[in-house]
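Hi there,

Here is the structure I promised to pass on. Have a look at it first, and my notes follow below.

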Amino acid sequence: MLNFFQRLRDRTRWSWQGVITTWREEYSFRVWGWLNVFSAALAFWLPLTAGERAMILALGILVLAAELFNTAVERAVDHTSTEHHTLAGQAKDAASAAVALTAVAAGVAWLVVLFSLI
């Protein structure tokens with residue numbers, strides 16, 4: 001059981017290390033982070049249901065997760081080669097599209113919630 005907790009501690013430390021490094025080095029991640037702070041504050045300020053708040057918060061976290069994946073793909077591709085390659089570009093574009101789609105999902109959720117307040 002002790003081994004389980006040691007491994008859990010290590011995995012948690014490595015995960016947070018990834019978040020902190022990405023926060024420091026990726027402008028896009030910081031922008032999405034601050035947008036999430038604003039979004040969460042607005043979600044708690046408005047008269048939303050618990051389910052609506054949960055959806056807004058979860059989608060915001062998913063945007064951050066997608067941005068972390070995008071950063072991971074970009075770093076791995078850039079580490080492999082600095083030369084332009086069609087497949088490398090497609091991988092980076094797909095990762096970027098994943099961020100865009102999760103952001104669209106969060107935006108759609110906000111629109112539905114806001115229109116329900118009218």
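Predicted model: local features only at pLDDT ≥ 70, side-chain atom pairs only at ≥ 80, totals over all residues.

Which residues in α1 meet which residues in α3? On the α1 side they are G18, V19, T22 and E25, and their partners in α3 are L68, T71 and R75; contact here means heavy atoms within 4.5 Å. The residues of this contact divide into 2 nonpolar, 3 polar and 2 charged.

Residues are numbered from 1 along each chain as its sequence is written, and side-chain values use heavy atoms, with hydrogens and water left out.

Now the two helices themselves. Helix α1 covers residues 2-25 and helix α3 residues 50-80; their axes come within 11 Å and cross at roughly 80 degrees. Axes are lines fitted to C-alpha atoms, for helices over the stretch in contact, with angles from 0 to 180 degrees between N-to-C directions. Helices are DSSP runs (H or I, at least four residues), numbered from the N terminus. The two are therefore roughly perpendicular to each other, a label for angles of 65 to 115 degrees.

Then the charged pairs. The count comes to 5 salt bridges, each a side-chain nitrogen of Lys or Arg within 4 Å of a carboxyl oxygen of Asp or Glu. One of them joins E25 and R75 (3.4 Å, N to O). That pair links distant parts of the chain, with E25 in helix α1 and R75 in helix α3, 50 residues apart.

R75 also forms a salt bridge with E26, with the closest N and O atoms 2.9 Å apart. E26 lies in the loop between α1 and α2, so this pair ties together parts that are 49 residues apart in sequence.

How accessible are they? E26 is buried at 16% relative accessible area, R75 is partly exposed at 35%, and E25 is exposed at 51%. Buried means under 20%, exposed over 50%, and partly exposed in between (1.4 Å probe, protein chains only).

Finally, R9 forms a salt bridge with D10 at 3.3 Å between the closest N and O atoms, and D10 is buried at 19%. Shared partners join R9, D10 and R13 into one salt-bridge network.

Best wishes

Technical notes: Parallel < 35°, antiparallel > 145°, perpendicular 65-115°, else oblique. Nonpolar A, V, L, I, M, F, W, Y, C, P; charged D, E, K, R; others polar.
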